Amino acid sequence: MPELALYNIDGQKSGNLDLRDEVFSVEVNEHVLHEAVVAQLAAKRVGSAKTKTRGEVAGGGRKPWRQKGTGRARHGSIRSPLWVGGGTTFGPQPRKYNKKLPKKVKKLAVKSALTLKVEEGNLVVVDNFNFTAPKTKEMVSVLKSFDAVDSKVLIVLSEKNDNVYKSARNLPGVRVVTPTKVTVYDVLNSNKVIMTKDAVAKVEEVLA
């Protein structure tokens, strides 16, 4: 069972916390991690690229010249893909890029990502974020305590907290989420993951 130091937001150690093996100490499955990241990034794609086929381009209803006797090639429409201004052959059409993953695969991927952060020493657990008001300066001070300034940081809270969210939203690379919103890409794309003690318990409850 992995054990991590527990800190306050000033960066001072206040105790230790035992993490559950089935969430924070699993066998890392790189294939599942790859599948989850690809699925998440694919879901962000808009898929609105669109070109017109020859049947959608305006004009071209009349045959440009008669079939025989002109010495020119046979054509039925000036909107053929062969003509400038004509339609596009096999061009992109609106589509969805979503990939479906089984729930167990999604859970395993998140567990693998969190395990990697523990192994790297980039998972930090704090007592709580007791911000009384939104202040970016306070958030910067917290990040300095954990050597996370000017880097990508994922902050996981047990529940939505507007003071923390508003304190972090102006800082590039800092993202605040709740346990149900933790994704594989966000974890892997972060240099450091900072979780509250209560958030750890909820993550273990969700993923166990």
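Colleague: Which residues of the largest nonpolar core touch the most other members?

Modeller: This is a predicted model, in which local features need pLDDT of at least 70 and side-chain atom pairs count only at pLDDT 80 or more, while totals for chains, interfaces and linings use all residues. Residues are numbered from 1 along each chain as its sequence is written, and side-chain values use heavy atoms, with hydrogens and water left out. A nonpolar core is a set of buried Ala, Val, Leu, Ile, Met, Phe, Trp, Tyr and Cys residues joined through side-chain atoms within 4.5 Å, where buried means under 20% relative accessible area (1.4 Å probe, protein chains only). Among its 31 residues, those touching the most other members are Leu19, Phe24, Leu114, Leu123, Val156, Val184 and Met195.

Colleague: With which residues is Leu114 in contact, leaving aside its neighbours within four places in sequence?

Modeller: Contact means heavy atoms within 4.5 Å. By that criterion, the partners of Leu114 are Val23, Phe24, Val187, Val203 and Leu207.

Colleague: Where on helix α7 do its buried residues lie?

Modeller: Helices are DSSP runs (H or I, at least four residues), numbered from the N terminus. In α7, residues 197–207, the buried ones are Ala199, Val200, Val203, Glu204 and Leu207. Seen down the helix axis, they fall within an arc of 140° (taken from the directions from the axis to the C-beta atoms), so they line one face of the helix.

How values were computed. Buried < 20%, exposed > 50% of the residue type's maximum accessible area, 1.4 Å probe, protein only. Helix = DSSP H or I, 4+ residues; strand = E, 2+ residues; numbered from the N terminus.
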